Amino acid sequence: MERYIGKMLDNRYEILEVIGTGGMAVVFKAKCHRLNRLVAIKMLKKDLSEDADFRRRFHDESQAVAMLSHPNIMAVYDVSRGGDMDYIVMELIDGITLKQYMERRGRLNWPETLHFISQIMKGISHAHSRGIVHRDIKPQNIMVLRDGTAKVTDFGIACLNGSNPTNEAIGSVHYISPEQAKGDYTDNRSDIYSAGVVLYEMLTGRLPFEGDSPMAVAVQHFNAVPLNPRELNPEIPEALEQICIKAMAPDRSSRYSTADEMLADLEAFRKDPSINFDYSIADLRPAATGGADEPTQYIPNAAAARNRQQNRYAPLEEDEEEDERSGGSWWKILLVVLLIAVLAYFGVTKLYQGIMGSFVAPTEVPDYPVPNVVGMTIEEAKELPEVVDGVFEIVDGGKPQYSSEYEEGEIIRQTPEAERTRRASSGSQVPITVTLSLGARSGAMPNLVGYDSRSAELVLKQNKDLSELNLLVVEGASDYHDTVEEGCVIRTEPAEGAELSEGDTVTLFLSLGRKIENSIMVPCVGQQMADVQKAMNTLKLVAEFTKVEGSAPEGQILSQSVDVGESVPEGTVVNFTYSDGQKLLSKMVTFNVPFSPETVHVEIYLEGELKYSEDLPGDYGMLEETLYAKAGEYGMKIYADSQLWVDEVVTFSE
């Protein structure tokens, strides 16, 4: 694809550079010379562009997507095909993907999550209203702009609602709906499920399903139940959890039927975060739905199929199947015998334990209160008597967390909690899993001098070391500054390099610009240009000179725009006129105006420069006009109603 850089598409789009590569296409930055703007061009990869059917579908569906117009959907400007190239022209967005945003921020708080999911659903709602199903909603396909706007992008595998071009499970495996994972029919509710997974990831900081392979993840979408978001993050409001789980319901009939329904619940929650919707999370789980309307489909083992295809001795499989059929009866008998033997063994063992237990006094296992280890280091916790005696053991839970309350290395949380009782079995210890503190969040103060106040706040918010400190940014007293522009930062408190901690206040001191003094204008008429320029430099005024015709010595000032003695601010522009040193001469020209019943338009030109233009009565007679010019010979042309009547050379002399 590098070969396209520098080339023109349709004699309009100049390819500048590669800005992204995906599974289906390469995205270039380009310039539209017709509208003089930068755009993004998405071009199909070569192997896909050689498939005529895929190209046709890509072109038809892209044209449908181009009809979408919404602030939360990346605009598509053009869809074109040229030679072996199929491409889409889109708006060029200055921002990052929601996935990159989450990687920088970690788990998002619920107000920020609500802000993004509402915009995403508005974009999806618009697409659905035009009959377009995205089918690949994921954070990688959501762009976050600098102003916080979210835009849905990459309708690369979208289709018109009601069409189903393939039975394959498409979309990104961590976000696909159960029906996509099964290769079943998809509709607008598939996008709602994927949006629910995105909502889940923003709220919890993790995906609902993980696995060792794409197939293992896909199966979980219709065969497993994720943890409730509030189990991972108790700070999530219950109503927002309800919205998330309803959107992710495995049974399509239990999900929101439209994006607008989900938007309505999001808006109701925004107005009242304590709202409680009239459905329970348990009703949305697979056990409640039963899945009767969607029978489980067979999903082939891709690895096994690949191995069979690559096996050069594949014809031997028929013999193996024949052996299985011939020996199918004896192994079933053997399995039954083994099962009876195992059951008999456990039955005898249980009977023996029951008989012997009647002769042995039961041993009482005492309950122990869990010690409080919060605020201790692991070493201090391990010195507690209960731990030394072997009743409890301290287990580091990993993944330390920041805390403004506890010093680095101290325990901030324990499971089980203190004062609860636990029963220790003989020969085993009760584990206490602890979370350690990283200390208070901190970071170095960056250099903000020269930034305007808004940009300075953005620098602090986007700095990965400072974004979680909840800094309070205020403006201090303003002052004049010779080099820093008005409204920009002169200095900060704390200063650059100082250590910032959570909740600190950052004060921005802004510039009023350079302090301007007034100057008193001096007389300049009659002086030479060079002397006047020196005087203006001394007064810190800006001189601009215009040459005019005049008989005074060349370069002599004839006029000034600011009066003598007037007080003006430094930097004021003063306009001067100066003489070109050449005297203008006069000459009388006469012309007999042609008779006409109407008026006659007369024009007189000297060397192509218009000197006279008037409408005269048709019986005007002789016209006498004085012309002015420098000494010399000039070509004179006189026109009457656009007809040339005089074409001669006239001389101006003293």
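Which residues of the largest nonpolar core touch the most other members? In this predicted model, they are Leu 98, Ile 117, Met 121, Ile 243, Met 262 and Leu 266, out of 66 residues in that core. Helix H6, residues 188-204, gives the most to this core, with nine residues. A second, separate core has 20 residues, including Phe 591, Val 602, Ala 629 and Val 646. As a general background, nonpolar side chains tend to be buried together in soluble globular proteins.

**Around Ile 243**

Leaving aside neighbours within four places in sequence, Ile 243 is in contact with Leu 199, Tyr 256, Met 262, Asp 265, Leu 266, Phe 269, Phe 277 and Tyr 279. One of these contacts, Tyr 256, also has a charge over its ring: the charged end of Lys 246 sits 5.3 Å from the ring centre. Elsewhere, Arg 37 lies over the face of Tyr 77, at 3.9 Å from the ring centre.

Strand S1 (residues 8-9) and strand S2 (residues 13-21) run antiparallel and are joined by two bridges. They form a hairpin with three residues between them. In the turn, Asp 10 has a positive phi of about 55 degrees. S2 also pairs with strand S3 (residues 25-32), in the antiparallel sense, over seven bridges.

Tyr 13 in S2 takes part in both pairings: Leu 9 stands opposite Tyr 13, and in S3 the bridge partner of Tyr 13 is Cys 32.

**Aromatic pairs**

The whole structure holds seven aromatic pairs. Two of them are set out below.

| Pair | Distance between centres | Angle between planes | Arrangement |
|---|---|---|---|
| Tyr 4 and Phe 28 | 6.4 Å | 80 degrees | edge-to-face |
| Tyr 13 and Tyr 87 | 6.4 Å | 80 degrees | edge-to-face |

Why is the pair of Tyr 4 and Phe 28 edge-to-face? The planes of the two rings stand at 80 degrees, and an angle over 60 counts as edge-to-face. Tyr 4 lies in the segment before S1 and Phe 28 in strand S3, so the pair links distant parts of the chain, 24 residues apart. Both Tyr 4 and Phe 28 are buried.

Tyr 13 lies in strand S2 and Tyr 87 in strand S6 (residues 85-91), so this pair ties together parts that are 74 residues apart in sequence. Tyr 13 is buried, because its relative accessible area of 2% is under 20%. Tyr 87 is likewise buried, with a relative accessible area of 1%.

Key: Residues numbered from 1 in each chain as written. Predicted model: local features only at pLDDT ≥ 70, side-chain atom pairs only at ≥ 80, totals over all residues. Heavy atoms only, no water. Core = buried A, V, L, I, M, F, W, Y, C linked by side-chain atoms within 4.5 Å. Buried < 20%, exposed > 50% of the residue type's maximum accessible area, 1.4 Å probe, protein only. Helix = DSSP H or I, 4+ residues; strand = E, 2+ residues; numbered from the N terminus. Contact = heavy atoms within 4.5 Å. Pairing = 2+ DSSP bridges. Phe/Tyr/Trp six-rings, centres within 6.5 Å; stacked < 30°, edge-to-face > 60°. Lys NZ or Arg CZ within 6 Å of the ring centre and 35° of its normal.
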